[in-house]
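My entries follow in the order I made them.

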Amino acid sequence: MNEMTSVKTTVKDWETDQEVRWCPGCGDYAILKAVQRTLPDIGARPENTVFVSGIGCSSRFPYYMATYGFHTIHGRAPAIATGVKLANPDLDVWVITGDGDALSIGGNHTMHLLRRNLDCQILLFNNEIYGLTKGQYSPTSRVGTRSPSTPYGSVDRPASPCSFALGSGARFVARGIDVHKNLPSVLKAAYYHKGASFIEIFQNCIVYNDDVFAPFTAKANAAAGQVWLEDGQPMLFAGGTRGLALDPKALRLEMVDVVDGDWQAAGVIVHDQTNKGIAQMLIDMDNSAGFPVALGVIFNHPRPSYEREVVAQNEAAAKGKAPDLQKLVAQGQTWMVDKEPRAE
Amino acid sequence: MASAVHQVTRAEAADTPPPEAVVVRFAGDSGDGMQLTGGQFTLSTALAGNDLSTFPDFPAEIRAPQGTTFGVSAFQINFGSRAIDTAGDQPDVLVAMNPAALKTNVGALKDGGLVIVDTGEFGPRNLAKAGYEASPLDDGSLARWQVLAFDISALTLESVKPFGLGNKEALRCKNMWTLGLALWMFDRDRQPIVDWLKSKFAKAPELAEANIAALNAGHAYGETAELTGPMKQHRIAAAPAAPGLYRTITGGEAISLGLVAGAQLADLPMFFGGYPITPASAILHHLSRLKEYGVTTFQAEDEIAAVCSAIGASYAGKLGVTSSSGPGIALKTEAIGLAIMTELPLVIVNSQRGGPSTGLPTKTEQSDLYQAVYGRNGDAPLPVIAARSPADAFDCAIEACRLATRFMTPVMLLTDGYIANAAEPWKVPDMSGYAPFPVAFLDHVPDGGFKPYARDENLARPWARPGTPGLLHRIGGIEKQDGSGNIDYAPANHQAMTNLRKAKIDGIAAHIPEQTVTLGDGEGRLAVVGWGSTFGPIHQAVRRARERGLSVDHVHVRHIWPLPTNLGDLLRRYERIIVPEMNAGQFKTVLRDQYLVDARSLAKVSGQPFRIAEIAAAIESALS
């Protein structure tokens, strides 16, 4: 985010005339709406907003936003976004990417953008599949995923996007679900965090990987399968009847029952969004082992952003030096030839 | 102490007229400081008013095992009282700091040339490492040359004794001792080197003093040795040069300064995205110190991020620049295609080196011409410019910035390892003589509405920066609809857009200078056509051939793509065309393709620049 004055806009102001070309029922539609709803709330200016994407279904996103947009090449959105933001730190930069784009072909750039802490929001649409190339397994697909390229099931272990982000030095790590009503509030928190904000959005691919997140997103599973984190609030789920406690000896989280709302008695811990160790444990909770999936802002511990530090260093280094091209080309040891020593 | 294998008599020395040009090569271990010695000798040569050209030739290893032949680092300089275009075919003087340096370099020495060796390094161990069974100083194998063999190591130790350095540190002063001797040989002023040592070792004055003492001792040794016979002092008169202010410049410096000048002439801040690679890193190093000129440098995580960040910066309204060498350019290629598709300005500098793959990282070659002109997926044309020398690289960099911004296109600037590292005297340009080409960003909605892919008279599209109200638009790598820039896969549109992209680049030919005959009257039977750093040896070879009455012209091409509009007609005037290149014949193929002319290749891919004699021989044979 930047410090330009905010303006009043409506959802309509952020929509383009382009026909949206995602499959009917794709989770991308819900994310697009959530973003278009968030931007008026935070007072963003369309002309000051840039969406940069890579390649994949999610990366068509910029065409549908009435802002500046750059649909780049596979995996490279973070690198292009870095150039955009360094060139003009006053712009609001959003990076739209997917699991294959950000963690496979572009993993290197994602890592470096995060460790540098470039001020931008990275929305990683995780559907655990390559959709645009027709359904191959992706770096986040679970072991055993059957796909055109893995007819007998995938063998390699998946990457955990949030764990990758935290390990890369991200100062803001959050999760959301495409159709969940909380997504705009997560996006808002990401926008207000100065520095790289990483948001993994569980996005349902209705064609190639339908219901892969149903174990925690389906209506019947949501209460027990989702723990929505809020800074300073106890980590409760299942309608407040269960919570997360810390086993200090084993140094791991455990699920406890909360009786009559007395979470303190049950030992439920309060979310401290600056605690990186707990953040790692929250990210690592295994849904297949019965743990809920941690959602919302998992880690938020700002540090000066990269482009501000670059600008500050450039200014400090240039201070008191007047640019003089004529002087520049004549630097170093020089000598004067007064007249030709002899004709050739 | 001195022992010359063949002693030149005073009478012999007096018989030799003062040479017009001298070639000196310093060779030693990669830890011996030969590049530093060469660099300082270059400075003193320039200050003496000689024209000069240098050729640093060093191994890829930073500190190869001591005493080995593959760890030898050499620096050659050709200087004289006439115009110097090359680093010289054969050294007149070789300074060999150990047996390995002698072994790898003495073969290049002119018959009768002078070899100076440090006997202190000619022990059995070093001789064995260099693969000598017997000492070449004793077995007569150096009889073709004059040999001055004395214990430079011991003399250096003696000279720095008062400063109480350890043995290792004391021996490090050997290169300054040698430089002192070289300065004496060519009657040079020591003061600039003394000043440089004082500033280099400002924090360790005892090291400065020790090095100065070694420098003086080497100089004094020359004076003494002259009295006893073999050494001779040469005075090379100043070369003819237009009056004005001069400095020495390497290709790396010239490109950096040219890029800064180009961005200033375009009235744009510059963004440079780079990744360390030999021999291109010097540009990143230079630019990172020039913040006050509106330069932002970004050392990216890889070559791809380097070019992508530059493209992002161009999109946001800076002049995006990236630089690399062949392998890095290969990695950038997909992104260069994106810059072509999105029609954003971008300058890409390729300091070519020996390839393919990692190839010869520290050696020079011109084998990325196909890569520059043709090396992308799809029909993806871009302008290509090639610099001929360190000084010429300055103007070429400005030209690259001009074309990139005026035509909204990536531009490839080709240089090579030789140009990047070599130094030559440079007449400091008068910057007021360069016409500015300020960029006008689109800042309002034009009549009839804003179209991101509208065209001006040069077929360039408007440059609309994010942050500008009213000009919101989306760009990307998918085929664009003519005008609107919306996604469009229609067959007719792709044909039209492919044609447009080609026509835009082809049209640049009308905005570059016509091809001239570089040397000659355009009436010769033979044209020697060159590009890039082969300029020097071709020019000298053609000049000498013409002096001997041969019917030959030199045609040097700077704009590789698009080619000058008159080049075809010009080439068709010649009976024969030869194209010397440090590759297997790439430009030759381009010329044949474009003009159906019978261009013949003179190919050299040894990692070493052409020698004048090689081109002279080719001229001879083409005309016989």
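**Core**

I began with the largest nonpolar core, which has 269 residues; the members touching the most other members are A:V84, A:V173, A:I298, B:I311, B:V347, B:C401 and B:L413. Helix 15 of chain B, residues 390-407, gives the largest share of this core, at 11 residues. I note here that the model is a predicted one.

I then looked up B:C401. Leaving out residues up to four places away in sequence, I found that B:C401 touches B:L259, B:G262, B:A263, B:L265, B:A266, B:L319 and B:V347. Another core lies apart from the largest one and has five residues, including A:I129, A:Y130, A:Y137 and A:C205.

**Each chain by itself**

I took chain B next. It has 624 residues, and 54% of them count as buried. I listed 21 helices and 21 strands in chain B. Its C-alpha atoms fill a box of roughly 90 × 60 × 45 Å along the principal axes. I checked the radius of gyration of chain B: a compact globule of 624 residues would have a value near 25 Å, and chain B has 27 Å, which agrees. Counting contacts in chain B between residues at least 6 apart in sequence, I see 76% joining residues at least 24 apart.

The secondary structure of chain A is 12 helices and 14 strands. The C-alpha trace of chain A spans about 100 × 45 × 45 Å along its principal axes. For contacts in chain A between residues at least 6 apart in sequence, 66% join residues at least 24 apart.

**Where the chains meet**

How many residues of chain B are in contact with chain A? I got 61 residues of chain B, against 54 residues of chain A. The elements of chain B giving two or more residues to this side include helix 2 (34-47), strand 8 (244-250), helix 10 (251-265), helix 12 (303-315) and helix 13 (326-342). Helix 12 of chain B gives the largest share of that side, nine residues. By type, the residues on the chain B side are 37 nonpolar, 15 polar and nine charged.

Strand 14 of chain A, residues 334-337, pairs with strand 8 of chain B in the antiparallel sense, over four bridges. In this pairing A:M336 stands opposite B:L245.

**Helix 12 of chain B**

I returned to helix 12 of chain B to check its length. At 1.5 Å a residue its 13 residues should span 18 Å, and the end C-alpha atoms are 19 Å apart, so the two agree. Is helix 12 of chain B mostly covered or uncovered? It is mostly covered, with 13 of its 13 residues buried. After helix 12 of chain B comes B:G317, and its phi is positive, near 110 degrees.

**B:P327**

My last entry is B:P327, which I placed in helix 13 of chain B. Why is B:P327 called partly exposed? I found 17 other C-beta atoms within 10 Å of B:P327, and buried would need 20 or more, exposed 12 or fewer. Neighbours within four places in sequence aside, B:P327 is in contact with B:S357 and B:T358. B:S357 is 30 residues away from B:P327 along the chain, and their C-alpha atoms are separated by 6.2 Å.

Definitions and conventions:
Residues numbered from 1 in each chain as written. Chains lettered and ligands numbered in written order. Predicted model: local features only at pLDDT ≥ 70, side-chain atom pairs only at ≥ 80, totals over all residues. Contact = placed C-beta atoms within 7 Å. Nonpolar A, V, L, I, M, F, W, Y, C, P; charged D, E, K, R; others polar. Pairing = 2+ DSSP bridges. Expected span 1.5 Å × (residues − 1). Core = buried A, V, L, I, M, F, W, Y, C linked by C-beta atoms within 7 Å. Rg over C-alpha atoms; globule rule 2.2 N^0.38 Å.
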